[in-house]
Amino acid sequence: MRVDELDIPERIAEALKTEGYSELHPPQAEAIPAALEGKSIVAAIPTASGKSLIGYVPALKTVCVRRSKVLYIVPLKALASEKKDDFERFSGLGIKVHLSSGDLDAEDRGVSDANVVVATSEKADSMIRHGSEWIRDVGLVIADEIHMIHDPSRGPTLEVALTKLMRKNKGLQIIALSATISNAEDLAEWLHADLIKSGWRPIPLKEGVYFDGSIRFGDGSSREVDSEGKDEVWNLVAQTIREGGQSIVFVNSRRSTESLAARFSKPLSKIVGTKLTGAEAYILEGEAESTASGRKLAECVRCGAAFHNAGLTYRQRKFIEDGFRQGRIKCIVATPTLAAGINLPARRVVIRDTSRFETNAGNVPLPVMEIKQMCGRAGRPRFDPYGEAVLVAKNISDADHLMDDYVNHDTERLTSKLFGENVLRSHMLGLIATGDAWSEETVMDFLRDTFFGTTSQMFGIESVVERTVEFLEEECMVVREGSRISALPFGKRISDMCIDPISASILRDAAMKIRDDTEPFPILVAAAMTPDVLGMFPKKCDGDSLAAAAARMDDRYLVDPDDIGDYDPEFLYSDLKTALLAERWIEEVPEEIITEEMGIGPGDIRSRIDMMDWILYAMGEIAMIFNPDATVKIKPLITRIRYGIKEELMGLVGFRGVGRSRARILFDNGIETEMDVMEADESFLAGLPKIGKALARSMKSKFGGGTQTPEPSMAAPMASDAEESEEEAMLNAMAEEYGMATEEKPPEPEPEKPKRKKGEDAGGPRQSNLFDF
């Protein structure tokens, strides 16, 4: 079927053809006509089979013909940016797209003018909690990667957000896009949707197992692999590259990504190799603060290889992804998080590890669904004649296991993770605070409409609801009047900020004990102890520093760990490590020293700092209710955490383009306050290292003669997406002047998928929060 045969206006068809969409793939030809009739759809089809167009075409018709708005929900921030770019290609049709994935505690100002909003599930849920008027005008919701509902951290929020939307708008159309799953029928039943299920792919995909010099595929065929040495993974990569393709290798740890990429670099440089400009090397090495890991990454990229993991910064990861798409990078060695995020296909995917280490469990096998996600990255439409996904076996017995339990095995059934008090307490408070539920029975009614309620008998859930309400009542977040339950101001504020009620209790108790002589470290420890802050796994090298930190905290805890319900004392050192990281950050310890001494990557610093930034903001908001005097201590700490500065630099980071590195340069050269900037000669400022003419001119414009640049509030949450875009444009202009990337903090990186409240490798489900997307 051709796009001009669809029930859409000619101008939409022409716009689609201009973007290269002329002929529909078989799954698209089946799903899109039904969706254009207004039917809800669940499309369960393989990766790279054109799922996105199944959402795009009905979205264009919804906006252009029905004059309704479209909400496009994605699981990850990186994927949100990709979808925003796709929709912007149709701006000629009047499509006004807005990316909404930032601060959860504010109405997004950019939403009002948009007719397509791309948002993470957490942001979508926040918009509903804040009573966004925009939500009421939504006629179509597209839930991309809906199989992520199976994920313990992100799934419950997606499930609750979709249930809220369906209950608020009975005529709402939903298009759910999923990878191939074994129980797609359950999703369709829950969403009252037609099911479109297909195994078709535009590029043939062969999945197989490599052992002893050859690949045995699931279809019975085989292929010999040329030997270029003893490293069998390199042999698989080299064969693909010599044939003109690219390869992604999946391993189970960050350390393995770095070591393998470095090992491949030398032989790869003889095949390809590439050159880096000074500005490109600057980004890869870590920008304003070069690190050993960053320098290793830059050297790998010069040879045509790269590693990709959550320890990298946002800009480093984006550079690698773009370089791979452009063909400059021929091989990426990555952790599995790459498979669940952005669209980055390769001719051959090599899966070296099919297990990962989890605390208290040891090495556990990866789910079939996760392996299939990796396999689905094989085969680039329009570039590759085929795709190969190869699992590497250690011996003949392992080869049989991989073939039977992965290659020829169906994915696990999707199951809801919306059960248990640790998950339900935040969502129940949100329901009560927004008036979507007002009694235990109405909470139960809501849960019956969820995927959990559709696919289970909900045995025992009544007692969970009862205990959760009792907890919320004891913590003065809700109040009962007979059978009716309503939110108190404290509970409403916690719901708006989308934090765990247990986090709120810890922050409240801590804020009430803050006095004039309270030092920053106990405040940082209290913030790190909340369930919303992911702990850092203590390593052997941390022993002395953590013991010293524990000694410092003796009798100084703002909240006694023994008084926190369900708090595991084993996680105390994990929390102390996070607090130590934050303390070193605000004391301006260089990133390279932090990463080396704590055994972490630059991306770990940014992800934890962003978590602490948000939680300290929440602490400040809670302090305004219970102990306003405490904000005198909390507010400056928020600014210091956000920028990584000592208190003496706080007057300088209000200028756009000035972060910890440039603020220190200014201060050390006698520019210590805004008044000093106003009185300084622009040429003097421009002559300072890392300042330059563009930034000097921007700083001076704050005092007249240019666009006013307001100082950020110390207690305000992070900038909106519109403000970030405006600032990025200004910083890019600066970069063009002196050939470097800027030092300002990028959007937070995607952390590797956490498994429980504390510890990077701990197992077990955990409630989703702001920092998971």
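Helices (H or I, at least four residues) and strands (E, at least two) are DSSP runs, numbered from the N terminus.

1. **What you are looking at.** This is a predicted model, in which local features need pLDDT of at least 70 and side-chain atom pairs count only at pLDDT 80 or more, while totals for chains, interfaces and linings use all residues. Residues are numbered from 1 along each chain as its sequence is written, and side-chain values use heavy atoms, with hydrogens and water left out.

2. **The whole protein.** The protein has 31 helices and 19 strands. Of its 773 residues, 60% count as buried. Contact here means heavy atoms within 4.5 Å. Among contacts with a separation of 6 or more, 71% come from residues 24 or more positions apart.

3. **Helix 2.** In helix 2 (residues 26-36), the buried residues are P27, Q28, A31, I32, A34, A35 and L36. Their cover includes strand 1 (41-44), helix 3, strand 6 (173-178) and strand 7 (194-197). Just after helix 2, have a look at G38, which takes a positive phi of about 95 degrees.

4. **A tyrosine pair.** A search of the whole structure finds eight aromatic pairs. For such a pair, ring centres of Phe, Tyr or Trp (its six-membered ring) lie within 6.5 Å; planes under 30 degrees apart count as stacked, over 60 as edge-to-face and the rest as tilted. Y56 and Y72 make a tilted pair, 6.2 Å centre to centre with 45 degrees between the planes. Y56 belongs to helix 3 (residues 51-64) and Y72 to strand 2 (residues 69-74), so the pair ties together parts that are 16 residues apart in sequence. Both Y56 and Y72 are buried. Ring pairs also link Y56, Y72 and F87 into a cluster.

5. Is K83 buried or exposed? K83, placed in helix 4 (residues 77-88), is buried, with a relative accessible area of 4%. Leaving out residues up to four places away in sequence, K83 touches S52, Y56, Y72, V74, V118 and D144.

6. **A phenylalanine pair.** The ring centres of F490 and F626 are 4.9 Å apart and their planes stand at 85 degrees, so this pair is edge-to-face. It links distant parts of the chain, with F490 in helix 19 (residues 489-497) and F626 in helix 25 (residues 602-626), 136 residues apart. F490 counts as buried at 4% relative accessibility, whereas F626 counts as partly exposed at 32%.

7. The axes of helix 19 and helix 25 come within 11 Å and cross at roughly 165 degrees; axes are lines fitted to C-alpha atoms, for helices over the stretch in contact, and angles run from 0 to 180 degrees between N-to-C directions. The two helices are therefore roughly antiparallel, a term for angles over 145 degrees. From helix 19, F490, R493, I494 and M497 meet W614, Y617, A618, E621, I622, I625 and F626 of helix 25.

8. **Charges over rings.** A charge sits over a ring if NZ of Lys or CZ of Arg is within 6 Å of the ring centre and within 35 degrees of the ring normal. R552 lies over the face of F521, 4.1 Å from the ring centre. The charged end of K702 sits over the ring of F655, at 4.9 Å from its centre.

Conventions. Buried < 20%, exposed > 50% of the residue type's maximum accessible area, 1.4 Å probe, protein only. Parallel < 35°, antiparallel > 145°, perpendicular 65-115°, else oblique.
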